[in-house]
Amino acid sequence: MASNYAYNQTYNHSNASNIHQPSPYGSGDPYYNESTGFIAPQAGTKKGTSKWVKIGIPLAVVVIAAVAVGVVFGVRSHKDSSSTSSSSSSKGNQASNGGVQNDIGLFPTATNSLYLLPLYPSATDTALYHSPTFSASSDTSGWPADPFAPTSTSPTNVRTDRPRLIAPPYKWDALTQLIQSDNYLKAWNDTIFANATAYYDLPVVKYFMDGDSGILDNAREIKMRIKAFGYVYRMTKDTKWADRAYKELQNAVSSSFGPDTTDKWNPTHFLDTAEFSAAFGIAYDWFYDILTDDQKATIRSNMIMYGLELGLVAFNNSDQRYTGWWADNIKGNWNCVCNGGLTLGALAILGDDTTGTAESILAQTVPNVKSNCVFAVSDDGSWSETAHYWYFGTSGFAEMAAALQSATGSDQGLLDANPNFAKTGLFHMTITGPGSLFAWGDHGPNKFSTTANGMFLFGDHYDHPEYQLFQRDAFDAPEPWSMFWYNPLVSGAWWDGLAIDQFFTTDDDQWAAFRGSWTDQTTLYVAMKGGSNQRHQTHNDLDAGDFVLDALGTRWAGELGSGNYRSAGYFSNDNQDSQRWLYYRKRTEGQNTILVNQKNQLVTAAPKILQSASTGTKQGSSTVLDIQSSDTALFTVDLTSAYEDVTSFKRGVRTLNGRKQVLLQDDITATGSIMWRMHTNATVTPSGTGATLKIDDKTLEMTVLNAPDGATITTGPATRFSDDPALPEGETDQENKGVTVVMINLPAGTYNLQVLFNPQWDGMSSSDFKTPGLVAIDQWSLTSHD
């Protein structure tokens, strides 16, 4: 896999303004706002993979910048792409000391889908694939103990040796040997070096104020570069990397980089300020031994002036601009990232800062995170915002906890402040399907330095080796934090013993996901949500009942993702009359659910889970899972409260026929017109109560069973209705190019609307598919459709 992680300097924020006018990135960039999140296949890939033009963040961008942005549609069938990685289990990639773990090399044989998901070989060798564990073997060694072990700790009592952030000297001393004996560490190390080399020759990051989205992309790209430069410097001691990093820092405080005021790092969008503070803190600490006293003073004074002092202003609201709103009962990514960035900056300069600013910051950030950020994870492990915002929040939190641990000898209680945080790794694993994430709501800005690598830290702390094993195969694993959070003693198959059906039942979330395998990219995956339409930090859609569907290596029903963050009123509030709900991608009509009277769902919706049931299948150590014909799962939700003109509405989803088919059923009584809607990348050919969907050479048949009188399947564009409420003056919806909406229209009345999805699996004939009878959702059971 690692050889796929290469930086493409065609796409970077140093020359971005030469590529996209007038807005080089962020919410003004067409590569940011379009529906699919992916560009057309790169040169060298086979033609005919999809009729869609995949528009979004280019996959060739550095791995940590290439996390999916936008709708998760249309993965090409993995036989249609042959980008096999040199980091497979070939002998040439093995460490010299042998042993079972190294004999297998890297578990995935390739990463060749448009979503950069790992592809696993079909294997049943339990000597290679065994239960996840942290345990030493004769040919593996782990990290030595940290010699800094104070008997009592505080946020301001820091180690005396450097670096103190994330990676203390004892870890650097051990790393070279660990790289030689661990295939993953070796692959990541090679990738970090390659990326740093690519960044080195680029111009410094060019200032760009992206409206209300600020200069966050600037901050995160600079942070990404600083991490890579710092890592390679410490591994080589080549001073050119320190010189290049300092050049980036000088630029970020120069007269050409924003206003020559204390607002240079844009504290009114405090994420920007926090990420710059983190970048400067990392640079100060990781280059500490090579920086001159004058350089240290320059970095320190600028970080205090543009970052930390503004942090104190934000906490105290001393300028009456409320730039610290995120510190007041905000349980989401803003609290995690803002506190985390300030903490890294403050820890870096403790002992050198004579102003007392660093100590004052830590007195605020540590307790604030323990009261807010940690509770962005709900009782079932779900993140309070969206699947993509999980990345931002957990990255900020993990960096803060790890920096406190390394600098002070303790995470200061952050990781255990919410016992449910230990569950959030499973949330991330489950919400990742073969067709990428079940990405309801906003997908957020470009990720750059943001990754899922907090999974390494969480796996180690909470004793969940499966988190580490899952993430080490992910495309965003190769970056500096992974090198120090990964536990080389981990081994096994992350999927061994993991239930293939998962349910998340906290009231604000309410979702479930079923699959046929954790390791087969072509397997069936269906996920559906209930959940509230408020309390998601204004990042959600009006989407109770929404679902996604993957099969045959592609996504058949998908999400549209973010609207334009710069649109008027987009983040105004989540009240019923919010301007946010005027935009197609946020409206109920832009979701895969039922629309009644062409009206939005109610923000006061309080869906109730009726039933969550599964036959309980768990995958074994093999990558091959044999599904029995009786194996099934179901999830039913009462959605009545989400609608104004509905007397009763229950939606249920279940697998059938050994997880080869999916039944989606709506038992509804409405006093207004009913429209069933699904967004797809497929070419759709309706035929009465059925339709044929095609993506590349793959086919899915969908049928309305026991169709009500007059019910037919029709199609239309993913655009607003002509009589929808007007958008704010001057605003438009983004185009959803290539997206087709599949619809079933019914007049007011009472219906049991059954839609059966039959992916056309290789080796299955029409007689192999089952046609279930009509069973009211209230009567569903695991055997009700046998």
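Visitor: Let's start with Cys373. Is it buried or exposed?
Guide: Cys373 has 0% relative accessibility, so it counts as buried, the cut-off being under 20%. Keep in mind that this is a predicted model.

Visitor: Okay, and which residue does Cys373 form a disulfide with?
Guide: With Cys336, and the two sulfur atoms are 2.1 Å apart. A disulfide is a covalent bond between the sulfur atoms of two cysteines.

Visitor: Where do Cys336 and Cys373 sit in the chain?
Guide: Cys336 is in helix H9, residues 333-349. Cys373 is in the loop between helix H10 (357-371) and helix H11 (389-408). They are 37 residues apart, and the pair links distant parts of the chain.

Visitor: What about Cys338, which disulfide is it in, if any?
Guide: Cys338 is in no disulfide. The nearest cysteine sulfur belongs to Cys336, and it's 9.4 Å away. That's beyond the limit, because a disulfide needs the sulfur atoms within 2.5 Å.

Visitor: And why does Cys338 count as buried?
Guide: Because its relative accessibility is 0%. Cys336 counts as buried too, at 1%.

Visitor: How many disulfides turn up in the whole structure?
Guide: A search of the whole structure finds 1.

Visitor: Which way is the link of Cys336 and Cys373 handed, right or left?
Guide: Right-handed, with 100° about the S-S bond.

Visitor: Which of them point which way?
Guide: Tyr525, Ala527 and Lys529 point one way from S7, while Val526 and Met528 point the other way. Residues on both sides are buried.

Visitor: How many bridges join strand S6 to S7?
Guide: There are 5, and these two strands run antiparallel; S6 is residues 511-515. If you want a spot to look at, Phe514 stands opposite Val526 in S7.

Visitor: And how many bridges join S7 to strand S8?
Guide: 4 bridges, and that pair runs antiparallel as well. S8 is residues 547-551.

Visitor: What's the bridge partner of Met528 in S8?
Guide: That's Phe547.

Visitor: Last one: why is helix H12 called largely enclosed?
Guide: Because 7 of the 8 residues of H12, which spans 424-431, are buried, so the rest of the structure largely encloses the helix.

Visitor: Which residues of H12 are buried?
Guide: Thr424, Gly425, Phe427, His428, Met429, Thr430 and Ile431.

Terms used. Residues are numbered from 1 along each chain as its sequence is written. This is a predicted model: local features need pLDDT of at least 70, side-chain atom pairs count only at pLDDT 80 or more; totals for chains, interfaces and linings use all residues. Side-chain values use heavy atoms; hydrogens and water are left out. Buried means under 20% relative accessible area, exposed over 50%, partly exposed in between (1.4 Å probe, protein chains only). Two strands pair if DSSP finds at least two bridges between them.
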